Amino acid sequence: MKHTRILSALIAGLLATSTLVSGLTVHAAAESGTKAAAQTYVAVSQPTTHIVGDIAMIREINSKAELDAVSTASTKPATTLYTVNKDLKVLGTDGAPFATLDEVLTALNYKILPAFRISDQATADALITYLKELNFFDCLLISADQTLLKTTREALPYTVGVLDCTETYKDAAALTTEQCLDIRRATKTYNANVAILPAHLCTKDTVQYLFEHQVNVWTQISDEPTVTEQYHALLSGAVGVISDATDSLLDIACNKLAENTLTRTPLNVGHRGIPTLAPECTVEGSLLAYENSANVVEMDVFLTADGHVAAMHDITTGDTCNGDLHMEDCTLAELKELYVNRGWENDPTYGQLRIPTLNEYMDAFKDKDCMLFIEIKSHKEEIVPIIRDMVNEYGMYDQCTVITFNEDTMGYMRKHWPEMALGVLCEDWYGFMNGSNPDEDLRTVMEFAAPHNGTVNPGWESYSPREIRAFMLRGISVNPWTFYGDNDYKNHFLDGFSSLTGNDAHVIKRLTQYVSYTPESTQLLPNDVLALNTAVTTYNRNTSAKAPSSVTVLEGEELISIDGNQMTVVGESGQISFILGVKDRTLGYTIYTQPTTLSIQAEEETTVTETESQTLENTATTAEPGTSAGTSSSNDGGCASTVSGIVLVLPALAAAWVACKKKED
């Protein structure tokens with residue numbers, strides 16, 4: 001059977017679990033004082049929020065008092081974070097130990113996920129020994145040291161890796177697309193599932209861009225955040241928020257956001273194109289899927305006898321072509337003699353399509369607002385570097401993800417192309433994913449998927465929303481297949497998946513995908529009236545202005561009045577912040593903007609001396625990324641972009657130039 005090794009691993013996991021007595025086994029812990037009672041998984045007790053797929057609250061614990069408080073609280077966060085040393089002692093902010101690791105796990109009682117910061121090899125080695133002896137791997141490993149994180153996760157492959165990028169990007173005003181791709185390369189290469197970013201970088205566009213490129217984000221905010229900062233974090237699309245204010249964050253997420261709040265929208269993946277409307281695994285069918293709202297097109301590829309990468313679902317062509325050949329025993333020229341037209345023979349548009357190469361896909365989709373999921377069906381090792389070199393030659397790293405069923409190919413990916421996002425496909429999880437205990441089910445899957453640092457890509461029937469939530473709380477994406485027809489898509493759109501792969505991409509083309517709001521100005525005067533119209537983009541890439549379904553004022557409510565989508569300034573001075581919500585009419589979910597902050601100040605006359613005026617006329621400045629002069633934001637795939645140029649800083653001329661550039665962008 002084709003997944004013998006997978007089943008063997010699953011059976012071994014079940015046998016190991018069966019040795020537990022009432023789910024608990026006592027293990028000796030190396031040199032750590034008391035002995036912890038360990039179970040193989042954490043039953044996360046954080047309340048379920050209104051955010052689709054949920055969001056993890058993460059609190060850093062720095063004292064015994066904090067540990068006692070969080071472990072006995074009636075409302076618990078999903079995760080608590082600890083700094084440990086080589087003696088397996090847990091350290092406070094002053095560097096002094098306040099507990100042993102055994103004491104921490106005993107206090108948490110496997111109701112809160114532990115996350116461990118590691119910064120040196122001696123600590124990593126001690127932690128590796130400890131967790132192996134305890135047979136406990138349902139935890140997260142955090143480090144800013146890429147190499148240390150990689151080697152530690154190789155030794156503990158069933159854990160979750162978290163790359164701390166806060167120091168690297170703390171001084172960035174915004175992340176460029178290339179910096180986002182650098183984060184993707186680093187997380188994939190160094191065995192991380194999650195990247196931690198400073199709060200100011202976690203804009204909806206940036207986090208969604210990383211999410212679509214198979215990188216999940218934790219945002220780190222202050223321990224005493226304002227209400228605006230809390231909403232900013234919760235609505236960013238991050239899968240986790242690090243802060244001491246977990247109670248307040250949970251109150252907002254559970255009680256103040258609308259039910260079925262969608263903070264990150266799933267990718268719409270055209271399975272082999274759009275096979276209900278055009279022949280599968282053809283460039284023409286894939287372009288039709290793109291035109292019908294697919295964000296991604298998926299194809300299966302093999303290596304021909306003469307070294308070309310060609311697309312076909314099966315290793316033989318008989319099911320979809322007018323002849324039956326073996327993909328890897330034939331040359332490309334021989335395969336090109338066939339038509340991919342089984343069932344379409346008399347169709348005037350699609351009756352004479354040929355077997356395409358991956359090069360043809362790349363020629364067709366280069367620079368389109370669409371990604372490629374390349375499913376490697378070949379078992380040949382050499383196909384991996386061939387595809388890698390092709391992607392690099394086309395400059396399409398940002399548009400590609402590799403997925404595969406084959407465990408050997410997963411190993412080849414880690415060997416030859418570790419920086420590429422990898423989706424671990426498996427169809428043999430049905431019997432193990434019964435939804436009765438989602439956290440325990442997760443361990444079974446992690447034993448196969450986690451060592452390859454891949455996303456989880458199952459048959460969609462394998463999962464319930466509770467199990468998807470269990471993965472997302474740990475920062476692991478779930479990308480299921482295959483959806484058919486209107487009901488499949490719409491019944492499961494709000495399950496919390498990172499993408500939906502199906503044969504009918506067009507059925508969700510009118511669903512809301514993105515919502516944004518850009519104020520005309522961030523400075524308001526008394527009695528100003530502001531129209532609060534949002535820009536709503538649907539899956540078919542149409543953007544239109546729409547009045548919000550809701551306006552929620554976060555700060556400065558006394559300074560304004562709201563009438564429908566119209567805001568009037570009634571105060572003299574101060575600062576206001578608010579969010580706008582748009583409710584999708586078809587499925588009833590709500591997408592909010594992140595908070596908009598505006599200042600109100602009475603108009604004052606200003607005078608400019610003759611010297612100052614001459615200085616302004618003669619001064620030019622070059623705009624740099626992150627500066628206000630000449631900077632514009634655009635949706636360039638989710639990350640901030642900047643416009644640089646020489647700007648005369650004469651006030652009226654500079655303002656007109658910036659406004660013009662924004663309109664062009």
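These are my notebook entries on a predicted model of one protein chain.

**Overall look**

I started with the whole chain. I find 20 helices and 33 strands in it. The chain has 665 residues, and 56% of them are buried. I also looked at how far the contacts reach along the sequence. Of the contacts between residues at least 6 apart, 65% join residues at least 24 apart.

**Confidence**

The average pLDDT for the chain is 87, and 84% of the residues score at least 70.

Is β10 mostly covered or mostly open? I checked residues 194-198, and five of the five are buried, so I noted the strand as mostly covered, taking under 20% relative accessible area as buried. Side chains in a regular strand alternate between the two faces of the sheet, so I went through the faces one by one. On one side I have Val 194, Ile 196 and Pro 198, and on the other Ala 195 and Leu 197, with both faces covered.

Which strands does β10 pair with? I found β9 (residues 160-164), which runs parallel to β10 and is joined to it by three bridges. Asp 164 has Ile 196 of β10 as its bridge partner. I also found β11 (residues 216-220), again in the parallel sense, with five bridges to β10.

**A three-stranded sheet**

I then moved on to an open sheet of three strands. I read its order as β21-β24-β25, and the pairing is antiparallel. At the edges I have β21 (512-516) and β25 (543-546), each pairing on one side only. Neighbouring strands in this sheet are turned by 30° against each other on average, ignoring direction. For the β24 to β25 pair I noted that β24 covers residues 534-538 and that four bridges join these antiparallel strands. Ala 535 stands opposite Ala 545 in β25.

**Helix pair α9 and α10**

How do α9 and α10 pack? Helix α9 takes up residues 227-234 and helix α10 residues 246-256; I have their axes 10 Å apart, at an angle of about 65°. The crossing of α9 past α10 is right-handed. I listed Gln 230, Tyr 231 and Leu 234 from α9, against Ser 248, Leu 249, Ile 252, Ala 253 and Lys 256 from α10, as the residues making the contact. By class they split into five nonpolar, two polar and one charged.

**Helix pair α11 and α13**

From α11 the contact takes in Val 283, Ser 286, Leu 287 and Tyr 290, and from α13 it takes in Glu 360, Tyr 361, Ala 364 and Phe 365. I sorted these residues into six nonpolar, one polar and one charged.

**Thr 79**

Thr 79 is found in strand β4, which covers residues 79-84. Why do I call Thr 79 buried? Its relative accessible area is 0%, and buried means under 20%, so Thr 79 counts as buried. Setting aside neighbours within four places in sequence, I find Thr 79 in contact with Met 57, Ile 58, Arg 59, Ile 112, Leu 113, Ala 115 and Leu 140.

**Arg 185**

Arg 185 lies in helix α7 (residues 177-189). Its relative accessibility is 26%, which falls between the 20% and 50% cut-offs, so I put Arg 185 down as partly exposed. What does Arg 185 contact, leaving out neighbours within four places in sequence? I have Glu 178, Tyr 397 and Glu 419. I also noted Pro 418, which sits 233 residues from Arg 185 along the chain, with 8.1 Å between the two C-alpha atoms.

Notes
Residues numbered from 1 in each chain as written. Predicted model: local features only at pLDDT ≥ 70, side-chain atom pairs only at ≥ 80, totals over all residues. Heavy atoms only, no water. Pairing = 2+ DSSP bridges. Helix = DSSP H or I, 4+ residues; strand = E, 2+ residues; numbered from the N terminus. Axes fitted to C-alpha atoms, helices over the stretch in contact; angles between N-to-C directions. Left-handed = near helix turned anticlockwise from the far one by under 90°. Contact = heavy atoms within 4.5 Å. Nonpolar A, V, L, I, M, F, W, Y, C, P; charged D, E, K, R; others polar. pLDDT = per-residue confidence, 0-100. Buried < 20%, exposed > 50% of the residue type's maximum accessible area, 1.4 Å probe, protein only.
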